[in-house]
Amino acid sequence: MIHVRHDGVAHVELDTAFAYVADHRTVPEWMYGVTRFEPVGRQVRGVGAVFDACMRIGPATFDSRLEIVEWEDNHRIVLSSISGFRTRSAWQFDDLGDGDMRLAVDFGYQLPGGLAGRAAGLLIEPLVGTIVRRTENALRDQVVRNA
């Protein structure tokens, strides 16, 4: 699995930032390329919640079914794909005091094998770092704006 990590600091209360990220309805607002992020079933928070997601990168569209595999209120959310495009993302929130918090993002993905995987790799790999940075920046901006 290929990993891209990025972190940033924002002047916003940690619980406000976590609540914004934890609300599945906000994901398309801040997650670069995500056009759909919908719950599967009634559970929308915590370990075991499942979501169908669609991400558009250039001309390609990638569908995934994601499950929350780790959840620690006001600290960490980890999603892992259970079908579709193989991905795992971790969102960690750390209180820095004085109203500042750090958000660290670790985005990992695995491309399929064969010609399809190589073609997807040519499209995705140059963009992943940019996507993660834009996502973290957009998220930070949205959290501060909505605080």
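From the N terminus on, the elements of the protein chain run β-α-α-β-β-β-β-β-β-α. That gives three helices and seven strands. Helices (H or I, at least four residues) and strands (E, at least two) are DSSP runs, numbered from the N terminus. This is a predicted model: local features need pLDDT of at least 70, side-chain atom pairs count only at pLDDT 80 or more, and totals for chains, interfaces and linings use all residues. Residues are numbered from 1 along each chain as its sequence is written, and side-chain values use heavy atoms, with hydrogens and water left out.

**The chain overall**
- Of the 147 residues in the protein chain, 44% are buried (under 20% relative accessible area; exposed is over 50%, partly exposed in between; 1.4 Å probe, protein chains only).
- The protein chain exposes about 7700 Å², and carbon and sulfur atoms supply 49% of it (Shrake-Rupley method, 1.4 Å probe; for residues, only the protein chains shown count as cover).
- Take contacts (heavy atoms within 4.5 Å) between residues at least 6 apart in sequence: 45% join residues at least 24 apart.

**Ser-81**
- Ser-81 sits in strand S5, residues 76-84.
- Ser-81 counts as buried because its relative accessibility is 4%.
- Beyond neighbours within four places in sequence, Ser-81 contacts Ser-64, Arg-65, Leu-66, Arg-86 and Thr-87.

**Two loop residues with positive phi**
- Asn-74 lies in the loop between strand S4 (60-72) and S5. Its phi is positive, about 60 degrees, although Asn-74 is not a glycine. At 33% relative accessibility, Asn-74 is partly exposed.
- Asp-98 is in the loop between strand S6 (86-97) and strand S7 (100-110). Asp-98 is not a glycine, yet has a positive phi of about 55 degrees. Its relative accessible area is 78%, so Asp-98 is exposed.
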